[in-house]
Structures are given as C-alpha cells and as structure tokens.
Amino acid sequence: MSDKHIAHRYKMRPPVLSVRVEDSMDIMIVRDTTRRAAGLIGFAPSHRAQIAGAAAALAELVLKTGEVHTIHLSGVLDEGKHGLQISSEASWLTGVSVNNILVALKSKMGDLVDEVYLEESPRLTIAMVTWLRERTG
Amino acid sequence: MPKEVLLVEDSKTQAAQIKATLEGFGLQVRVAYDGPDGLREAMENPPALVVLDVKLPTMDGFQVCRRLKRHPATQHIPIIILTEKSGPKETLSGLQAGADDYIPKDIFASEHLIDTLHELGVLE
C-alpha cells in the first residue's frame, strides 16, 4: 500500500491495490485490476464493468494532463456497508475551484459510481465510491 | 450437451476469434453478422447466452440488447456486450440497455469473459 493512499471518511478493508499509470496501456490494467477488486468484494459482473469504467475514465483523465499517477483501489466499510473506493492524487488540480472540479467529475463519472468527492488534506485527492447492494445477478 | 451461445458480430475475423475462444470453453456457437439477424436467431431459437458487439450494421448492439431484454421469449437470456467501445458513456449505455456485463475487447477480455460465464452459470 502506498503511503500516499488516503485515509478518509470510511474504514478501509481489503483488497487494497494500486496501479501506476504512465501510459495508455496502463488504463487497461486499471480496468482489469478494478474489475478484479470489485469481484473480490462481491460486485456482480455488470457493477464490476461500471466501476471499472469509472476507474479507467479517471486514469485516462489524469493521464491527459500529462501526469504520471497512481490509481488506488480499496475496499471500504461504513456502518456495515461494503464498497470499493477508487482514488488518485490530483496535485495538478491545486488552485482550481473545488466546486468546478466536482461538477466536471460528477458529469463525467457520476452515473457510474455512488459518490464522487475530493479530499483536500493531506493532498488533493479525487475519490469515488460504489457501495455493494443486494445482488441482482 | 454443450450450451449454445449466439454471437452477434459483424467482423468475420473477430467473429472467428471469439467463436474459437468460446468453443475453447466447451460452448457451441452460432454467429449472426448483424443486429436484425441476431434478433431473429435469438427469438427463433433462444440460446443460453448472447455475446454482442456494439458496432453493428443496421441496428447497433445497444438496440439489439434492449429489444432482447424487452421480449418475453428472450428477456431471461444473459447478454454480454464485448466491444472496442470502452468509454464510460458506452459502458453505461450497455448496462442501461440491460446487458449483464460489458467487456472491452482488450488483452484481458478472455479472462473476464470466462469469469462472467461462470458467474452467469453458462459454464460450470
């Protein structure tokens, strides 16, 4: 686990995985790793695809800024609910209005995940969470 | 007896590759090369699974998926969309159309496909 990984509003649970994104090939690895992480938590295939799509979109978005970055995936727990968090540091966004960033992120990825938010401390980090619900197949 | 899969894919080269992969899993594969043919095949002889491309002539994969999921004779059939279109909007469109999984055609596609086939009960 990277020391840069955010310890935020939810309790972290395994799996905790990280993928370094240096070029467009790594986006495939992000998608693959996210699918596997979501599978380990118990998400159905359709939800895995959805969460993996969000992780790949985030990786692609950051890569377009020219930043080599790391996508962190971790299980999260909140009052008995299990979920998967995708996060990435976003120092390249420092100085940009948090509201504007959130509006842009939610418009791009809000339909794929349950929560999109920014952690401002210790470093600006984009985070998204999807919660596991009753399996529908 | 092997379970039957209907593959709807307009590229003959890709259809042959996917067919070989699915046959390698012990499945029997029928191929339709466009959306209307795929719909007809699925309704006349419902398979255990439909594997669907998105970019198809006449009617795209999302439309085919929606129609299959609306029709009483085919709505129970699991559908996997296997496509080159991997963006968030396309993924969401596929899942909103009723697909049971949405798998980009990348180097991990076969592994994800086999996992999902197990999960959907198509492979035991």
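Tutor: We begin with strand 3 of chain B, which is covered on both faces: B:L49 and B:V51 on one side, and B:V50 and B:L52 on the other, are all buried. A residue is buried if 20 or more other C-beta atoms lie within 10 Å of its own, exposed if 12 or fewer, and partly exposed in between, with C-beta atoms placed from the backbone. Helices (H or I, at least four residues) and strands (E, at least two) are DSSP runs, numbered from the N terminus. This is a predicted model, in which local features need pLDDT of at least 70 and side-chain atom pairs count only at pLDDT 80 or more, while totals for chains, interfaces and linings use all residues. Residues are numbered from 1 along each chain as its sequence is written, and chains are lettered from A and ligands numbered from 1 in the order in which they are written.

Student: In what order do the five strands of the open sheet in chain B lie?

Tutor: Strands of a sheet pair through backbone hydrogen bonds, either parallel or antiparallel. Two strands count as paired if DSSP finds at least two bridges between them. In chain B the order is 2-1-3-4-5, and the pairing is parallel. Strand 2 (28–32) and strand 5 stand at the edges with a single partner strand each, so one side of each has no neighbour in the sheet.

Student: Which residues are bridge partners of B:L52?

Tutor: B:L52 has B:V8 as a bridge partner, and in strand 4 of chain B its partner is B:I81. Strands 1 and 3 of chain B pair over four bridges, and three bridges join strand 3 to strand 4. From strand 3 of chain B the chain passes through helix 3 to strand 4, in a β-α-β crossover that is right-handed. Right-handed is the term used if, with the strands pointing away from the viewer, the path from the first strand over the helix to the second runs clockwise.

Student: Where is B:D10 found, and is B:D10 buried or partly exposed?

Tutor: B:D10 is found in the loop between strand 1 (4–8) and helix 1 (12–24) of chain B. B:D10 counts as partly exposed because it has 19 C-beta neighbours inside 10 Å. B:D10 and B:D53 are 43 residues apart in sequence, with 7.8 Å between their C-alpha atoms. Contact is defined by C-beta atoms, placed from the backbone, that lie within 7 Å. Leaving aside residues up to four places away in sequence, B:D10 touches B:Y33, B:D34, B:D53, B:L56 and B:P57.

Student: Which residues touch the most other members of the largest nonpolar core?

Tutor: A nonpolar core is a set of buried Ala, Val, Leu, Ile, Met, Phe, Trp, Tyr and Cys residues joined through C-beta atoms within 7 Å. The largest one has 69 residues, and A:A54, A:A55, A:L58 and B:I81 touch the most other members. Helix 2 (residues 45–64) of chain A gives the most to this core, with ten residues.

Student: How many residues does each chain bring to the contact?

Tutor: Chain B brings 18 residues and chain A brings 17. Helix 4 (88–96), strand 5 (101–104) and helix 5 (109–119) of chain B each supply at least two residues of the side of chain B that touches chain A.

Terms used
Two residues are in contact if their C-beta atoms, placed from the backbone, lie within 7 Å.
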